[in-house]
Amino acid sequence: MKIPYGRQSISQSDIDEVVKVLESDFLTQGPNATAFEANIVQYCGAQYGVAVNSATSALHIACLALGLGKDDWLWTSPITFVASANVGRLCGAQVDFVDIDSQTYNLCPLVLEEKLKKAQQQNKLPKVVMPVHFGGQSCDMQAIYQLSKKYGFYIIEDASHAIGASYLETKVGSCRFSDITVFSFHPVKIITTGEGGLAATNDSDLANKMRLYGSHGISRTFNNQEDVLRGGWFYEQIELGLNYRMTEMQAALGLSQLTRLDEFVKRRHEIAHIYYSQLQTLPVVLPKQISDSHSSFHLYPIQLLDEEQRRDVFNRMRAKQIGVHVHYIPVHTQPYYQQQGFKWGDFPNAENYYKKALSIPIHQSMTDENLLTVIQSLKECIQ
């Protein structure tokens, strides 16, 4: 696509840092991954970070660390990438969804509260609730946190879209209102490590468990003199884990990208501001921003009149080599989840949003010329 909906921004400095790693002694399990973890959590205001090879892996080890398993429930938003729900199934748990707020497209706390009341009566309360900060805008985490204290569930923030965002003047990732927060560093996200993710927490026990699960369940920590006497080669497999480690090349790229994170978010806000000013006269719904949240604007989703117009505009924009996209097909309508008993009609707000949604390009690599091309093309396609 001439103008993709999202794209990485790679500088010569990024390239130089990766080359340094390739010329070093460590391509994996070296100092860069540790430094990347430390720098991310310092930026966000959390205490611990575990870097892994994808956000899906980070979500998975987060669920494992919280003990999610058979007979447990994970609830998340139906408007997300399938990984948010899949990690629950990978842990052997049951998955359910909480409908979205029709204005913010985030998991709705009011709907969550009603669902929790019913689940309590049925003795089916969730062990984990996973709010998704859709498009880069934080969910109403304070309200969700208060419900967690009343109903006794853990919170994993799926902040795959939201590195660099803020909520109540605190960076997303501080874990102020959650047990664990997960970020994604896929190339279309705000900063990239190629592929990669990180789980942040303020709980040292959870951090240790996630690190264990992400590296084969193996520990090399010498806890007493007896272990030291066994030799420097000694290790123990404590749990059944996986190989989810982040490479040194990924971490070096991430460290370099992180120095420009605020600059990237600022540029995305400039683009969003122009979209708001130039598209408000069109018969479209623009994404609502709440005052408590400062979005990172990973996405800029508009809503058209109906499914037919969305399909027409999608095809016309793609023909102009403008990479519009749709985020997302509601997870509960996927064939796998329909086999679990879900069906169209279960979550009407999510379904109504999906039928009209269209994400238009927004990323820091967009030039002013690109931006004007998108705006003009969209006006032509709609009119």
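**Notes on the predicted model**

1. Let's start with a cysteine: Cys381 is buried, at 7% relative accessibility (buried means under 20% relative accessible area, exposed over 50%, partly exposed in between, with a 1.4 Å probe and protein chains only). Cys175 is buried too, with a relative accessible area of 6%. Its sulfur is 8.3 Å from the closest cysteine sulfur, that of Cys44, which is too far for a bond. The disulfide count is 0, taking a disulfide as a pair of cysteine sulfur atoms within 2.5 Å.

2. A word on the ground rules. This is a predicted model, where local features need pLDDT of at least 70 and side-chain atom pairs count only at pLDDT 80 or more, while totals for chains, interfaces and linings use all residues. Residues are numbered from 1 along each chain as its sequence is written, and side-chain values use heavy atoms, with hydrogens and water left out.

3. Now the sheet. It is open, with 7 strands in the order β2-β10-β9-β6-β5-β3-β4 and mixed pairing. Strands (E, at least two residues) and helices (H or I, at least four) are DSSP runs, numbered from the N terminus, and two strands pair if DSSP finds at least two bridges between them. β2 (48-52) and β4 (94-97) sit at the edges with a single partner strand each, so one side of each has no neighbour in the sheet.

4. Within that sheet, β9 (residues 180-184) and β10 (residues 197-201) run antiparallel, joined by 5 bridges. Ser184 has Gly197 in β10 as its bridge partner.

5. On to the nonpolar core (buried Ala, Val, Leu, Ile, Met, Phe, Trp, Tyr and Cys residues joined through side-chain atoms within 4.5 Å). The largest one has 46 residues, and Tyr275, Tyr300, Ile302 and Leu378 have the most contacts inside it. Helix α14 gives the largest share, 6 residues. Tyr275 touches Leu286, Tyr300 and Met366, among others, where contact means heavy atoms within 4.5 Å.

6. There are 12 salt bridges, each a side-chain nitrogen of Lys or Arg within 4 Å of a carboxyl oxygen of Asp or Glu. One of them pairs Asp14 with Arg260 (3.0 Å, N to O). Asp14 is in helix α1 (residues 12-22) and Arg260 in the loop between α9 (248-258) and α10, so the pair ties together parts 246 residues apart in sequence. Both ends count as buried: Asp14 at 0% relative accessibility and Arg260 at 14%.

7. Then a local pair: Lys117 forms a salt bridge with Glu114, the closest N and O atoms being 3.4 Å apart. Lys117 is partly exposed at 34%, as is Glu114 at 43%.

How values were computed:
Lists of a residue's contacts leave out its neighbours within four places in sequence.
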